[in-house]
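Trainee: Could you show me how to read a fold, starting from the whole chain and ending at the ligand?
Mentor: Gladly, let's look at it together.

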Amino acid sequence: MILTGAGQIGMAIARRMGYGMKIIVGDKSMDNAGSICDTINKAGFDALPFEMNLASRESILALIDEARKHGEVSMLVNAAGVSPSQASIETILKVDLYGTAVLLEEVGKVIQAGGTGVTISSQSGHRMPALTPEEDRLLATTPTEELLSLNLLQPQNIRDTLHAYQLAKRCNVKRVMAEAVRWGERGARINSISPGIIVTPLALDEFNGPRGDFYKNMFAQCPAGRPGTADEVAHVAELLMSNRGAFITGSDFLVDGGATASYFYGALKTENR
Ligand SMILES: NC(=O)c1ccc[n+]([C@@H]2O[C@H](COP(=O)([O-])OP(=O)(O)OC[C@H]3O[C@@H](n4cnc5c(N)ncnc54)[C@H](O)[C@@H]3O)[C@@H](O)[C@H]2O)c1
């Protein structure tokens, strides 16, 4: 298994699906990667930390090479990312949008028959109004090295870091659809999960950031009335990555306590999206 992002969501999914296999845990922070490997190795897993940057193709290729030293790649969990309060517009687009696209492309070249993957998108992308069919097609199919030159991703067309994050997450969902076609040629499947507010260090940075009140209101007013946990995301990942999910590929799954529903048709609908 290749796991990118040694965070709470990535760890929860690795614990569901990574038993009996070598797990290569890639993260730009070796502290995070080391501490998650330490935690799960003490619980019977076999994980190795690996320093990498999702924003770099070279780094992604080095991670894949490392994984292949231990056997064929049969699972991918992409849970690396930066949030609107953690990074600049440029970094969000480089990591969350471009990096995810490159990772899906490169792992898609080597994934074993029967292999499965999930990438973590976000409910935030679902809050953003629809793009045009042409914009969707460009996000889905533009060659990875040309993605960041798309007109809709130029600075004058991006309001703020939240908008950049939403575009990146919309792009993740579209790339998954296009990649599912390629992965299918190898007998492999790829899906995305769009979580709502899940309590992790990334979400805590949002609670304490400039949009803190907005996020606290979001979980208080959503149908579930609370934030979610990484384990609740892992329940869905387990379905998607196991044989129970054999007929599911190229799909995205909202796990958001009903926040998106409320943004469209409930108490949250007057809020600025
Ligand atoms: N927590 C939430 O509320 C929430 C909601 C929706 C989507 N997400 C998405 O879930 C994913 C995982 O986030 P999390 O909440 O588990 O956060 P987390 O902070 O627990 O983990 C994120 C990890 O990604 C790593 N990372 C950041 N930039 C990187 C880079 N360039 N290269 C490699 N690693 C990098 C960080 O070092 C960190 O270990 C992200 O893509 C995030 O956008 C989270």
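The dialogue below goes through the overall fold, the helix packing and the ligand shell.

Trainee: What kind of model is this, and how many helices and strands does the chain have?
Mentor: This is a predicted model. The chain holds eleven helices and seven strands.

Trainee: What radius of gyration does the chain have, and what would a compact globule have?
Mentor: For 273 residues, a compact globule would come near 19 Å, and the chain has 17 Å, which agrees. Along its principal axes, the C-alpha trace spans about 50 × 40 × 35 Å.

Trainee: Now the helices. What describes two packed helices?
Mentor: The general idea is to give the angle between the two axes and the distance between those axes. Take H1 and helix H10 (residues 230-241): they pack at an angle of about 45 degrees, with axes 8 Å apart. H1 and H10 are therefore oblique to each other, and H1 passes H10 in a right-handed crossing.

Trainee: Which residues make that contact?
Mentor: From H1 come Gln-8, Ile-9, Ala-12, Ile-13, Arg-16 and Met-17. From H10 come Ala-230, Asp-231, Val-233, Ala-234, Ala-237, Glu-238 and Met-241. By class, the contact of H1 with H10 has nine nonpolar residues, one polar and three charged.

Trainee: How do the axes of H3 and H4 cross?
Mentor: The axes of helix H3 (residues 57-68) and helix H4 (residues 89-110) cross at roughly 35 degrees and come within 10 Å. Here too there is a right-handed crossing, as H3 passes H4. On the H3 side you find Arg-57, Ile-60, Leu-61, Ile-64 and Arg-68, which meet Val-102, Leu-103, Glu-106, Val-107 and Val-110 of H4. The contact of H3 with H4 has seven nonpolar and three charged residues, with no polar ones.

Trainee: And at what angle do H4 and H7 cross?
Mentor: At roughly 10 degrees, with the axes of H4 and helix H7 (residues 161-185) coming within 9 Å. That makes H4 roughly parallel to H7. Their contact counts 13 nonpolar, four polar and five charged residues.

Trainee: Last, the ligand. How many residues surround it, and which are the closest?
Mentor: A shell can be read by its members, by the elements that supply them and by residue class. In this model, 31 residues surround the ligand, and the closest are Gly-7, Ile-9, Gly-81, Thr-200 and Leu-202. Helix H1 (8-17) and helix H8 (201-207) each supply at least two residues of that shell. By class, the shell around the ligand has 16 nonpolar, 13 polar and two charged residues.

Conventions:
Residues are numbered from 1 along each chain as its sequence is written. This is a predicted model: local features need pLDDT of at least 70, side-chain atom pairs count only at pLDDT 80 or more; totals for chains, interfaces and linings use all residues. A residue is near a molecule or strand if its C-beta atom, placed from the backbone, lies within 6 Å of it. Helices (H or I, at least four residues) and strands (E, at least two) are DSSP runs, numbered from the N terminus. Ala, Val, Leu, Ile, Met, Phe, Trp, Tyr, Cys and Pro count as nonpolar, Asp, Glu, Lys and Arg as charged, and the others, Gly among them, as polar. Axes are lines fitted to C-alpha atoms, for helices over the stretch in contact, and angles run from 0 to 180 degrees between N-to-C directions. Angles under 35 degrees count as roughly parallel, over 145 as roughly antiparallel, 65 to 115 as roughly perpendicular and the rest as oblique. A crossing is left-handed if the near helix is turned anticlockwise from the far one by less than a right angle, and right-handed if clockwise. Two residues are in contact if their C-beta atoms, placed from the backbone, lie within 7 Å. The radius of gyration is taken over C-alpha atoms; the globule rule is 2.2 Å times the number of residues to the power 0.38.
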